[in-house]
Amino acid sequence: MRNYLLILMLVISTTSFSQYIPLHLDYTAIYTLVDELANEGVIELNSVVKPYSREFITTSLLDAKKSSQLNSRQKKDIDFYLNEFALENNELPSKCFVKIINTEKSTLSLFEPAYRYKDDLFHVKINPLGGVNIYSNDNGNIYKRWVGAEFQTTIGKHFSVYASLRDMVQPENLLQERQKYNVRIKSPFTGIDTIVTKAGYIANQYGGAYKKYGTGGDYSEMRAGIYYSWNWGHIGLAKDHISFGDAYNGPNIISANTPSFPHIKLNLKPAKWVELNYIHANLVSMVADSTAFYMENTGELQYWYKKKYLAANMLTITPFKRFNFSFGNSIIYSEDNINLAYLIPFAFYKSIDHTLTRDQSENQNSQVFFNISSRNIKHLHLYASFYIDEFSYKRMSTAETNPVSYKAGFRLTNFPIKNISLSSEYTSNQIITYKHSIPSLDYTSNGYQLGSYLGDNAQEIYVALSYKPISRLSTLLSYTYAQHGNEYQYIRENILDIIAEPYMNDVVWQNKTISLKAMYEVFNNANILIQVDWSDIKTNNISGSLTSGEVWQTSQEYLDMYTPKYLQGKNTTFTVGLNYGF
């Protein structure tokens, strides 16, 4: 066994130069440009798993620069962003202003504010982070601000290290906190009302582990990682955001709406036609463990949360150029220790679970998913993703159904008019999708949805028109029409009856929002944002009688459950933002 490990290490260590540092999903301008270049057929892209590495983006931009198909705006954008990835190209940036240090090996500039150093062994970039968003509507003026710093380092040919720390302050009006309600759901065991837990408001944004105070709250977000890479893969340990599934308005398989969580990540791409992505993550259950606690010197007990883990893989097959078929599965398990079986990157975890939990009353929580992405028609990206919760072959052969979420959409770029793109997607989440009868096994972390931000029994239509008149300036006009049906809790004794309830029987919550956004990148990593949202968010009372597992709320109670008061009803909300760093 030892000899096999030595051979494997020798093979990896003799491969060509490669280093992995992820580019965070917040740098949307670069992700949009890479997507556009792929739609034009200029580069090859597997967009099902994000984030992309800085090295991959650098290589893609350099390859695209050689193309004769680019228009003038695209050429300027590529040159502008290659300045951000200068170190990945073994260079120092040339377009920095007010340079305090400017030598052959290092540079320190005020615009953009960053220090960079490079030699034959070591590359490093250090820069501050900061930003503020100011919101205004008839309900008042509020703001969100953040400050921090980050660094990125590559050592030798294979090692990379990065870290990003920011302190966030957010008004209570918009806090995405976990909510609990005592509502009318009768427990089949006790016959009394149960506590219903709702995973935050319905909002497509990051959640945080808030420390509440007065009229607001703050939290810190630490993202970091260390990776070992080679030319056909990488492996590492990180605490960061990650997403599974093609989407332009939030994935439905694994989204990045939870606070970042620690995970082991493995990527293998031994050939152009096959790629494996795998993660094993520590999640936060928010469920107290009565057997694990500290004791204060006063005798008071402070309980730990029950341990919670996620294992997930996604295998992508590319049978021909620009067409990707991806499939994978995941499992959430709550055990005292990491289970070695779920460290196998390419396993089918539901089958393993059946072996490990044989004769027990309940298994762990498993999922399967599929994603199709086609860029075979120039200018056009077609995609669809399917998430099946607790998949059962038996349900497929009977009248019962599997809880399913599916998303389908397209993006058309630079056709028939250059610098304009049109996107549209539809999302449908069936009843009980993402939920579980055991709170420590539900599809959440820190109380936030791991999947679609809409939750179950919901649907959404999203349409967006983007125009980039000049380099670095993007404008976006979008329309979101989202609906949520009756809220149900997963009660094991009645689950088949609950799943059989009519999909979207009552529309208890509805959001119609038209958004106009303009963003200009003054220099790399520095954005000015102006946005106007015309929103109408309302709720309706439930019709008929209370059914099994249903959350029985009044219209106002549903509105308070799903939407912060600041955004309830009809509003015109103005946002002005300025930020440096992502």
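**Ground rules.** I number residues from 1 along each chain as its sequence is written, and side-chain values use heavy atoms, with hydrogens and water left out. As the model is predicted, local features need pLDDT of at least 70 and side-chain atom pairs pLDDT 80 or more, while totals for chains, interfaces and linings use all residues.

**Largest pocket.** I looked up the largest pocket and found about 1,300 Å³ of space. Its lining has 45 residues, and E44, N46, F56, K269 and E275 are the closest to the centre. A pocket here is an open set of points on a 1 Å grid over the protein atoms alone, with protein on both sides within 12 Å along at least five of seven lines; lining residues have an atom within 4 Å of a point. The volume is the space filled by probe spheres set on the points. Among the elements giving at least two lining residues are α3 (54-65) and β15 (274-295), helices being DSSP runs (H or I, at least four residues) and strands likewise (E, at least two).

**Cavities.** I then counted 5 cavities of 30 Å³ or more, where a 1.4 Å probe fits but cannot get out. Of its 18 lining residues, P22, H24, E150, Q152 and F582 are the closest to its centre.

**N525.** I found N525 in the loop between β26 (509-523) and β27 (526-539).
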